[in-house]
Amino acid sequence: MISTDKAVRPTNVMGASKRAAEVYIQDLNRRSSTAFMTVRFGNVLDSAGSVIPIFRQQIKAGGPVTVTHRDVTRFFMTIPEASQLVLQSACMGQGGEIFLLDMGAPVKISYLAEEMIRLSGFTPYEDIEIVFSGLRPGEKLYEELLLSGEEVLSTDHTSIRIAAAEKVRVVEYLQRYNALINDQGRSEPDEIRKGLAYLVPDYTPQFSSPRQQEVS
């Protein structure tokens, strides 16, 4: 399973659902003769949904280039790096691991935008303006790769490590998981967020309705 750094202390549904899937995959591995593993990493440059194509299009149009926050940072790797490390993890895995891929140092998105403008032959803030639009709901300033209390184990591959995740009470977890899956077609979005918060205690959902903000 391909997970994401957004699964660590998630602030949105995407990250919370990925963390829920990590736990589910580990339990599925215990119950199956098939070896199931998870790979957790950050952004892949120039992939679908990456900022690179968006910035490229904005620069081609003459700007402005939009960045949510001046200090926002993200981990990045290339498509070949990501695909090769996923395959390496699949070959190394015995089952149940959460593999962490070495993403290097986080990069400021504002710096990435400035460099792309320069590489296109323009001067940032002069020829092409950069506009800071503000963080979107559920968006972090920076991403993390490890949960609180997770230990990191080395492997024979210098760019691959294993996150020794905290233990989860699987029986209770699966009951809540199944209830959420069975109810999702009938539940309001806020109720689904509450269900994810039960599964992922680190997740603090943002509710659309004030009366549903308390999660017991």
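Student: How do helix 1 and helix 6 lie to each other?
Tutor: Helix 1 and helix 6 are oblique to each other, an angle class left over once under 35 degrees counts as roughly parallel, over 145 as roughly antiparallel and 65 to 115 as roughly perpendicular. The axes of helix 1 (residues 13-31) and helix 6 (residues 189-199) cross at roughly 45° and come within 10 Å. By the way, this is a predicted model, where local features need pLDDT of at least 70, side-chain atom pairs count only at pLDDT 80 or more, and totals for chains, interfaces and linings use all residues. Residues are numbered from 1 along each chain as its sequence is written, and side-chain values use heavy atoms, leaving out hydrogens and water.

Student: Which residues make the contact there?
Tutor: From helix 1, Val-13, Ala-16, Ser-17 and Ala-20; from helix 6, Arg-193, Leu-196 and Leu-199. Contact means heavy atoms within 4.5 Å. By class, that contact has five nonpolar, one polar and one charged residues.

Student: OK, what about helix 2 and helix 4, at what angle do they pack?
Tutor: Helix 2 (residues 51-60) and helix 4 (residues 109-119) pack at about 45°, and their axes are 10 Å apart. So helix 2 is oblique to helix 4.

Student: And who meets whom in that pair?
Tutor: Val-51, Ile-52, Phe-55, Arg-56 and Ile-59 of helix 2 meet Ile-109, Leu-112, Ala-113, Met-116 and Ile-117 of helix 4. Sorted by class, this contact has nine nonpolar, no polar and one charged residues.

Student: Switching topic: where does Gly-95 lie?
Tutor: Gly-95 is in the loop between helix 3 (79-92) and strand 7 (98-101).

Student: Why does Gly-95 count as partly exposed?
Tutor: Because its relative accessibility is 22%. Buried means under 20% relative accessible area, exposed means over 50%, and partly exposed is in between, using a 1.4 Å probe and protein chains only.

Student: What is Gly-95 in contact with, leaving aside neighbours within four places in sequence?
Tutor: Gly-95 touches Asn-29, Ala-35, Phe-36 and Met-37. As for Val-44, Gly-95 is 51 residues away in sequence and 25 Å away in space, C-alpha to C-alpha.

Student: Zooming out, how many helices and strands are there?
Tutor: Six helices and 11 strands. Those are DSSP runs numbered from the N terminus, with at least four residues of H or I for helices and at least two of E for strands.

Student: How much of the protein counts as buried?
Tutor: 40% of the 216 residues.

Methods. Axes are lines fitted to C-alpha atoms, for helices over the stretch in contact, and angles run from 0 to 180 degrees between N-to-C directions. Ala, Val, Leu, Ile, Met, Phe, Trp, Tyr, Cys and Pro count as nonpolar, Asp, Glu, Lys and Arg as charged, and the others, Gly among them, as polar.
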